[in-house]
Amino acid sequence: MRRDSNTGECLVCFRPVIEGLDLFELIIKNDILCGNCRKKLIRLDRVYDVNGLKVHALYQYNDVLEKWMYQIKESKDETLGKCFIYGLSNKINKAYREYVLVPVPSSIEKTEERGFHAVLKMFASVDCVKLNCLIKDDIKQSKLNRYERQQINSSIHLMDNSVNQIPKLLIVDDVCTTGASLKACVDLLKTDHNQIKICVIALHEMWIKNSSMKKVF
């Protein structure tokens with residue numbers, strides 16, 4: 001069983017959270033990952049253009065993030081889900097304090113199998129009102145080619161049209177690769193009377209190389 005973060009052990013390697021920190025970091029840092037594990041993540045905190053969508057990315061997608069995401073979603077390690085937002089919650093709350101958070105959906109079957117909504121678990125510490133109003137057909141994106149991923153909008157559906165009356169929506173996801181799922185969600189939620197922003201845990205490096213916009217915080 002994974003231990004709670006208040007034990008002072010890293011959620012990934014189970015070594016003391018103070019490992020890998022210099023003296024200054026020891027004074028100011030409060031984390032649930034040790035310094036060595038935290039430094040394996042590449043922080044971005046910038047908005048990037050993804051096929052015309054403005055996407056706020058917290059980290060660059062890399063092998064470490066891929067491994068941790070698999071551990072959360074496929075090994076059902078829901079406790080590890082809190083590590084990405086930890087330390088950023090206050091800044092995210094301030095940046096999106098008037099927004100209602102809408103997660104990009106996993107399939108109903110996969111969510112039931114895990115016993116939790118992976119994206120909501122990763123954004124659990126964000127204080128926004130959360131509305132799980134989208135569903136997705138049982139399609140595994142990792143088995144689709146790039147063209148098939150771009151056509152995925154037909155597999156995502158809106159369960160509650162009343163969400164379109166909410167003036168400010170924040171769409172969140174774990175990883176943005178092609179941007180197809182985000183585009184499908186925007187198409188379902190966007191009206192002439194609302195404002196939509198997007199925030200993802202990680203962004204594929206191809207978008208980072210192509211365009212960098214303003215730093216969010």
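This is a predicted model: local features need pLDDT of at least 70, side-chain atom pairs count only at pLDDT 80 or more; totals for chains, interfaces and linings use all residues.
**Confidence**

The average pLDDT of the protein is 88, and 87% of the residues score at least 70. Among the elements, S7 has the highest mean pLDDT (98), while helix H7 (residues 146–150) has the lowest (51). Residues 1–6 have a pLDDT below 50, and beyond near neighbours in sequence that stretch has 13 contacts in the model.

**Strands and their pairing**

Let's start with the hairpin. Strand S1 (residues 42–50) and strand S2 (residues 53–60) run antiparallel and are joined by seven bridges. To get your bearings there, look for Val47, whose bridge partner in S2 is His56. Two residues sit between the strands of this hairpin, and Asn51 takes a positive phi near 50°.

S2 also pairs with S8, this time in the parallel sense, over five bridges. Tyr59 is the residue to look for here, standing opposite Ala202 in S8.

S8 pairs with S7 too, again in the parallel sense, with eight bridges between them. Asp173 stands opposite Val200 in S8. From S7 the chain goes through H8 and on to S8, making a right-handed β-α-β crossover.

How much of that crossover is tucked away? Helix H8 (residues 180–189) has seven of its 10 residues buried, so the helix is largely enclosed by the rest of the structure. The buried ones are Ala180, Ser181, Leu182, Ala184, Cys185, Val186 and Leu189. Strand S8 (residues 195–203) is likewise largely enclosed by the rest of the structure, because seven of its nine residues are buried.

Val102 sits in strand S3 (residues 100–103). Its relative accessible area is 0%, so this valine counts as buried. Who are its contacts once neighbours within four places in sequence are left aside? Val102 is in contact with Leu131, Cys133, Leu134, Val163, Leu169, Leu170, Ile171, Val172 and Leu189. One of those, Leu169, is 67 residues from Val102 in sequence, yet their C-alpha atoms are 6.8 Å apart in space. Another, Leu189, is itself among the buried residues of H8.

Not counting residues up to four places away in sequence, Asp173 touches Val104, Val119, Phe123, Leu182, Cys199, Val200 and Ile201. Val200 is also the residue opposite Asp173 in S8, and Leu182 is one of the buried residues of H8.

Asn93 is found in helix H4 (residues 89–95). With a relative accessible area of 14%, this asparagine is buried. Leaving aside neighbours within four places in sequence, Asn93 is in contact with Ser125, Val126, Asp127 and Cys128.

**Salt bridges**

The count of salt bridges comes to 10.

| Pair | N to O distance |
|---|---|
| Arg38 and Asp31 | 2.7 Å |
| Lys110 and Glu74 | 3.5 Å |
| Glu98 and Lys168 | 2.5 Å |

Take the Arg38 and Asp31 salt bridge. Arg38 is buried at 13% relative accessibility, and Asp31 is buried too, with a relative accessible area of 17%.

Lys110 and Glu74 also form a salt bridge. This pair links distant parts of the chain: Lys110 is in helix H5 (residues 108–114) and Glu74 is in the loop between helix H3 (63–73) and H4, 36 residues apart. Lys110 is partly exposed, with a relative accessible area of 22%, and Glu74 counts as partly exposed at 26% relative accessibility.

The side chains of Glu98 and Lys168 meet in a salt bridge as well. These two also link distant parts of the chain, with Glu98 in the loop between H4 and S3 and Lys168 in strand S7, 70 residues apart. Is Glu98 exposed or buried? At 52% relative accessibility, Glu98 counts as exposed, whereas Lys168 counts as partly exposed at 24%. Elsewhere, salt bridges that share partners tie Glu74, Lys110, Glu113 and Arg114 into one network.

How values were computed
Residues are numbered from 1 along each chain as its sequence is written. Side-chain values use heavy atoms; hydrogens and water are left out. Buried means under 20% relative accessible area, exposed over 50%, partly exposed in between (1.4 Å probe, protein chains only). Helices (H or I, at least four residues) and strands (E, at least two) are DSSP runs, numbered from the N terminus. Contact means heavy atoms within 4.5 Å. Two strands pair if DSSP finds at least two bridges between them. pLDDT is the predictor's confidence in each residue, from 0 to 100. A crossover is right-handed if, with the strands pointing away from the viewer, the path from the first strand over the helix to the second runs clockwise. A salt bridge is a side-chain nitrogen of Lys or Arg within 4 Å of a carboxyl oxygen of Asp or Glu.
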